[in-house]
Structures are given as structure tokens and as C-alpha cells.
Amino acid sequence: MSTPSKLVLYEFATKLPNGESISPFTATTRCALNYLGLPFESHLLNIRDIESVSLKLDIKPTSTFPDGSPKHTVPILVDQSSSTTIAIADSFAIVQYLDKTYAKPDQRLFTSSPSVDKLATGAVNTAFFGFIGGVLGADALGLLQDEDKPHMIQRNLGGFDPSTIPDIKGTPAWAEAVDKVIEAAKAVTSTTVGIAKEGTWIGGEKPVFVDFALLGMVNMIRLVNGEAWERLLNVDGGRMRRYWEEGKEWVRFEPEASTRDV
Ligand SMILES: N[C@@H](CCC(=O)N[C@@H](CS)C(=O)NCC(=O)O)C(=O)O
């Protein structure tokens, strides 16, 4: 195993103290880096600058905006530990690279079937995006840098501004909406209760990519809405709380190892 001299993770900056990103995908990648014990630096960008940074690094788009145009995303990992600089986007591709390059035999970051890992992660993402899309959209948008809001509304939301939805927090309708997303999240996490008996993780005794993806989602909800997060931690007879307690160390954002490009 080689030891990296320089790993940089690109994330997007928010209005939170220290600029910490709310992206579940950058948090997933942080989890993998910290789990492997790899030192790295976070570079915090404006969302609207992700494209120019990606083009400079010669990275291809990872997806498309709703209007079909190419979309570049964070996380981006840059590894300058060898003579050839390696730059990769997409959390799954990045963690595959880390697994191949840095994981010790007892630290494998995927199951024996990466396609099953990808399907499982898709289930986690689908269940949890109910929080952001339907319930916490305005809260999440409120944490973005002011200059990123027009980009988010125009490019990702087809011109729809979630902050125009009347604030229903504290009403029975709000409690009902949060109930629905908690149920959706529970449906996913409970699937593995009783199967993965050996430990906290979906991966069994040790976490794998889908565990990091779930921790990334839970972290996003923690940052966006503490009340919904508290309720989430109580699902599955407290399994979610144990999950968080054991994994929060890996998902941590270290401001002292970050630089702000905004
Ligand atoms: N499948 C990608 C998704 C990454 C993604 O959607 N990142 C968002 C931030 S959460 C992004 O960079 N968006 C750029 C934009 O909206 O212009 C991954 O797992 O890395």
C-alpha cells in the first residue's frame, strides 16, 4: 500500500459555520477517506464553479441537468501522490479508486458484487431524497451561498423556488410529511435488520460503500433539520442512533483541513 502525499476533496461551501457542505455524496467520500485513515484536504467551492473546476481538471460530466445539458458534480477527488495527477468525480467511482489504491485487505469498501452495492445505494438515495425534495427543500436551499441559489433554482429545479412554499413547520401537516419520509427511510434501513446480524453495518461486521452513503444522508439531515434528524435516529429500535454514533467519526468535516475557494 502506498501512502498519499496529497489528496484533495472538492466539496461545495454552505452558509454553515466553517462552510461545511451539506452534500450527502461528498460526506460519503469523506467517510471512505477517514475510514481508511487517509489524510486529505477539503476545498470548498461555489456550486456554480464546479463546472469550470471540472473542466480544468479534465473531468467529464457525471450526469445531466433536467434540461438535458451536461452536469458536473462534487465530490471530486484529486490525488497528487504520484507523478501523474489523478482526478475523479462521482462518489462511487472515487471510492472504487480508493478501494483499489489504498484499502488494506481487511478494509474492503465494497461487497464482492459492486453492482449490488450500487443498487443498494440507489435504494438509500431514493428513500432519503424525500426529505430534501418534499420536506426539507427550502431548509437546504437556505443553507446555500446566496450566489448559488439562482444556479440551483434555474439549473436543477426548473425555475421552482422552494422558499415560496408556505412554511408549515410545527403544524400537523408538517408532522405528517416528516412521518412519511421517516417511514420511507425506515423501509430501507429495516430491510437489513435481522440479516446483517453480525453488527451495526449493512456490510456486516465492517462498513461498505452503502453504509458510507447512508451515513452521508443522515449527516445531511442533521445539518439541514435537527428535529427531523433526531426522529430519524430513533428508527429501528435505536439502530440508526448506534449507526450514527459509530460512524460519525468518519463523516466528520475538519475545518482546519479545509480551504475556501469562495
Ligand atoms: N452521483 C453523484 C452525485 C453528486 C451530486 O449530485 N452532487 C451535487 C451536490 S449534492 C452537485 O455537485 N451538484 C452540482 C450542481 O447542481 O450544479 C455522486 O455520487 O457523486
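How many Å separate the centres of domain 1 and domain 2, taken over C-alpha atoms? I got 20 Å.

**Ground rules.** I am working on a predicted model, where local features need pLDDT of at least 70, side-chain atom pairs count only at pLDDT 80 or more, and totals for chains, interfaces and linings use all residues. Residues are numbered from 1 along each chain as its sequence is written.

**Domains.** I noted the bounds: domain 1 covers 7-108 + 252-260, and domain 2 covers 114-249. Those bounds come from an automatic or database domain assignment. Next I looked at how they touch, and found 22 residues of domain 1 in contact with 26 residues of domain 2. Contact here means that the C-beta atoms of two residues, placed from the backbone, lie within 7 Å. On the domain 1 side, α1 (24-35) and α3 each supply at least two residues. The largest share of that side is from α1, with eight residues. I sorted the domain 1 side into 14 nonpolar, four polar and four charged residues. For the sorting, Ala, Val, Leu, Ile, Met, Phe, Trp, Tyr, Cys and Pro are nonpolar, Asp, Glu, Lys and Arg are charged, and the others, Gly among them, are polar. The helix and strand labels are DSSP runs numbered from the N terminus, helices being H or I with at least four residues and strands E with at least two.

**Ligand.** Which residues are closest to the ligand? I found Ser23, Phe25, Thr73, Asp90 and Ser91, out of 14 residues that surround the ligand. The shell divides into six nonpolar, five polar and three charged residues.

**Helix pairs.** I started with α4 (residues 114-135) and α8, which pack at an angle of about 10° with axes 9 Å apart. That makes α4 roughly parallel to α8. My axes are lines fitted to C-alpha atoms, for helices over the stretch in contact, with angles from 0 to 180 degrees between N-to-C directions. Under 35 degrees counts as roughly parallel, over 145 as roughly antiparallel, 65 to 115 as roughly perpendicular, and the rest as oblique. Among the residues that meet are Phe128 and Phe131 in α4, and Met217 and Ile221 in α8. I counted ten nonpolar, one polar and one charged residue in this contact.

Then I took α8 (residues 209-224) with α10 (residues 239-251): their axes come within 10 Å and cross at roughly 90°. So α8 is roughly perpendicular to α10. In this pair Leu215, Gly216, Val218 and Asn219 of α8 meet Trp244, Gly247, Trp250 and Val251 of α10.

Val178, Ile182 and Ala185 of α7 make the contact with Ala228, Arg231 and Leu232 of α9. I put five of these residues down as nonpolar, none as polar and one as charged.

Most residues other than glycine have a negative phi, and most peptide bonds are trans. I found the bond from Val74 to Pro75 to be cis, with omega near 10°. Pro75 is in the loop between β4 (70-71) and β5 (76-79). Asn18 is not a glycine, yet has a positive phi of about 70°. I located Asn18 in the loop between β1 (7-12) and α1.

Definitions and conventions: A residue is near a molecule or strand if its C-beta atom, placed from the backbone, lies within 6 Å of it.
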